[in-house]
Amino acid sequence: MKRSNCRTDIRDGHVNEENERLRLRKEKFSSKARAAILNDPLKDRALLSRMSGNHEGIQELQQNEDSREEFWKTIMLKYEQDPGSDLISHGLRKIREVIVSIFQSHLSDERFLNFTLEVSTTSLDYYLDKGDISNIFICLEFVLYTLRPVMEYKHHLDEFSACYALYVSHVDNNIEKSLRLSTEYLKDTEYYQTCNNLSMIYCTRCYPPSKWFKIVSELLHGSLLRRFIMALPSFELMKESTLALVSKCYNQIPLIFLENGWFAGMFNNIEDTVSRTWDIETKPSGNRVVIFKKRRS
């Protein structure tokens, strides 16, 4: 009898455990859990660009300044804790769409404009780290044509304008538009000559490419403009075309001169890249020399 009770207790224990799992599973999909997801704007996948009707969470962000700022804090916390999360990209897009939808009704709201600039700057930083060129362009275009005209201190946005002008020349290959933008927005700034020189060299090849790398190397480390240029596909293209040019102009060249004289130290791991195609010899002096082609004896 005692053994029977023992088996019954064990069986009842398994049944209770299974019932508990079922209860938790149901609770996971209960109305309360669904509401918790919908009430978290970062997890809620709704976007204005995909909506055909009203959405309570979106409307709350549009109508309530505190809700927008709280949502922004949530994005920044996720960015800090889990920078690889796709929720960050979703959150940035959602808050920017909300901002655009109410922008015209907040033109005189300095707090809102400053918040918009913070969102735009952080979004650009994020997409620069990701190398996401299309979203980089969207952010720059918004700042230049929507935000800049209504900001009281426009010079704060000069670097954004410089990036946009360089995007036009280095991605669209439109030198005329780039120079026109530079003249319109950067004429009296520190970026005017820099942008014009970089655009002219890149689009017309009228100067040695070493001058292009020299200009980029002199930009402030960590600055938006330097990071922007280095994130563009044209940065890698310039490295490739310059290396091809040097290989045709020289039989051999000291590696240190190639690295600093031609690329101004902007070509990381240059030895690894060069050695895949050409031999590198170590001379008795200890100098490393790239052999593009053997000299005739």
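Guide: Contact here means heavy atoms within 4.5 Å. The model is predicted.

Visitor: Which residues in helix 9 does helix 8 meet?

Guide: Helix 9 covers residues 175-186. On the side of helix 8, the residues that take part are Asp158, Ser161, Ala162, Tyr164, Ala165, Leu166, Val168 and Ser169. The residues in helix 9 that they meet are Lys177, Ser178, Leu181, Tyr185 and Leu186.

Visitor: How many residues of this contact are nonpolar?

Guide: The contact of helix 8 with helix 9 also includes 3 polar and 2 charged residues. The number of nonpolar residues is 8.

Visitor: Are helix 8 and helix 9 roughly parallel or roughly antiparallel to each other?

Guide: Their axes come within 8 Å and cross at roughly 170 degrees. Angles over 145 degrees count as roughly antiparallel. The two helices are therefore roughly antiparallel.

Visitor: Which residues of helix 11 are buried?

Guide: Helix 11 spans residues 209-217. Cover for its buried residues comes from elements including helix 8, helix 10, helix 12, helix 13 and helix 14. The buried residues themselves are Pro209, Trp212, Phe213, Ile215, Val216 and Ser217.

Visitor: How many residues does the largest nonpolar core have?

Guide: Trp212, Phe228, Ile229, Leu258 and Val290 have the most contacts inside this core. Beyond its neighbours within four places in sequence, Val290 touches residues including Leu258, Val274 and Trp278. The residue count of the core is 77.

Visitor: What percentage of the chain's residues count as buried?

Guide: The chain has 15 helices and 3 strands. Out of its 297 residues, the buried share is 40%.

Conventions. Residues are numbered from 1 along each chain as its sequence is written. This is a predicted model: local features need pLDDT of at least 70, side-chain atom pairs count only at pLDDT 80 or more; totals for chains, interfaces and linings use all residues. Side-chain values use heavy atoms; hydrogens and water are left out. Helices (H or I, at least four residues) and strands (E, at least two) are DSSP runs, numbered from the N terminus. Buried means under 20% relative accessible area, exposed over 50%, partly exposed in between (1.4 Å probe, protein chains only). A nonpolar core is a set of buried Ala, Val, Leu, Ile, Met, Phe, Trp, Tyr and Cys residues joined through side-chain atoms within 4.5 Å. Axes are lines fitted to C-alpha atoms, for helices over the stretch in contact, and angles run from 0 to 180 degrees between N-to-C directions. Angles under 35 degrees count as roughly parallel, over 145 as roughly antiparallel, 65 to 115 as roughly perpendicular and the rest as oblique. Ala, Val, Leu, Ile, Met, Phe, Trp, Tyr, Cys and Pro count as nonpolar, Asp, Glu, Lys and Arg as charged, and the others, Gly among them, as polar.
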